Amino acid sequence: MSIQYRVLSLLRDLGPLSRAQLSDELEVARPRLLAELEALIAAGKVLEAGRATSRGGRPSTLVQLDPEIRFAAVDLGASSIDIEITDGGLKPIASYAEAADIRKGPGAVLDRVNELLNEMADTSGCTRFDSIGIGLPGPVSFKEGISVSPPIMPGWDRFPVRNTLTDAHGCPVVVDNDVNVMALGERYAGVARSVDNLLFVKIGSGIGCGVQVHGQIYRGSEGSAGDIGHIQVAAEGPPCACGKTGCLEAFFGGVALARDATAAARSGQSPALAERLAAEGGLTAVDVAECAAGGDVTCVNLIRDGGHRVGQVLATLVSFINPSMIVIGGGVSGLGHLLLAEIRSVVYKGSLPLATGNLQIVLSELGPRAGVAGAALLASELVFKSHL
């Protein structure tokens, strides 16, 4: 990596530093460092910020990222839009979330995203975005900045998401799968800080997995790595949105859990769910979690059954990839420790002791913020890597 990229990354992650501190961190000769800093100052990315505390002798000058740097982070879910605007250090300046329906298509959804970004920029005094990072809930060609054949996103296949946002905001844009973005966010600012070999499992409307190996996202040759929701777990099973049957997310996830909860309510298996269905007209994973917490056996079994199937898939991945941590996130992770305990039990029993001896399986620390935190990190990397 270039010295300029490393300088920008350090200032993002550690805040203002003196020239002496930068020289120590980078192990670069002072004359070379000073020349690189002058180039960054001329490019408007870095500026001087007063004197550092003296370490003996003449105090060094602090340098920092330009405080006017702004990154926009967008996390699109099947039923939500989450947006943050951050400074160069990825500290949130403004944030907003609202319900949305990804099935309305790219035109309607991205028009709303652009509208929200413009409103938030005006409110926060942001005159421009240096870059935008966005996560999509489906397979993404990272190189092209498009979604490819996404099962739950009608109309999005090969739609030019990156180019559309670039044209609207006049800045570079990076597009990735939402679970990759969440994995990045959790490693940068959550429970998986500095964990190099990580699986981030998002259990939302569907199920996906972000894979980090040696600190880098593994996307595969075409960008579809980690799509574990469409691993077939039973030859005969419910139909899946992808067109096949018996996929993991056809058995579990937000959509499947709502389906099974509704069936249990209507059949009389769960009086608690039947009461909620009558009152609300529909059921979600939240209803299942609350009824399970109240002792409803049917809901407890729904959670355990789903956790068991997720655990079976993860046990295979653990034997194959040997991560040091698995983080469970996404909306359905709100089912909490009952779900987590079942996943842990199956993984620890189903994988070899060498792979599980030091393996941690935990819930996401960032929760809903994982996506925007990762998208902001991607946006910053896009700008900083232009200085390679």
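Select Gly210, which lies in strand E12 (residues 207-213); a strand here is a DSSP run (E) of at least two residues, and a helix one (H or I) of at least four, numbered from the N terminus. The model is predicted, so local features need pLDDT of at least 70 and side-chain atom pairs count only at pLDDT 80 or more, while totals for chains, interfaces and linings use all residues. Residues are numbered from 1 along each chain as its sequence is written, and side-chain values use heavy atoms, with hydrogens and water left out.

Gly210 has a relative accessible area of 0%, so it counts as buried (under 20%; exposed is over 50%, partly exposed in between, with a 1.4 Å probe and protein chains only). Show its contacts (heavy atoms within 4.5 Å): beyond the neighbours within four places in sequence, they are Val179, Asn180, Ala183, Leu198, Leu199 and Phe200.

Next, go to Asp82 in strand E5 (residues 80-86). Which side chain of opposite charge is nearest to Asp82? That is Arg369, 8.6 Å away; Asp82 is buried and has no salt bridge (a side-chain nitrogen of Lys or Arg within 4 Å of a carboxyl oxygen of Asp or Glu). Lys and Arg count as positive, Asp and Glu as negative; His and the chain ends are not counted. Leaving out residues up to four places away in sequence, Asp82 touches Ala73, Val74, Asp75, Tyr96, Ala97 and Val372.
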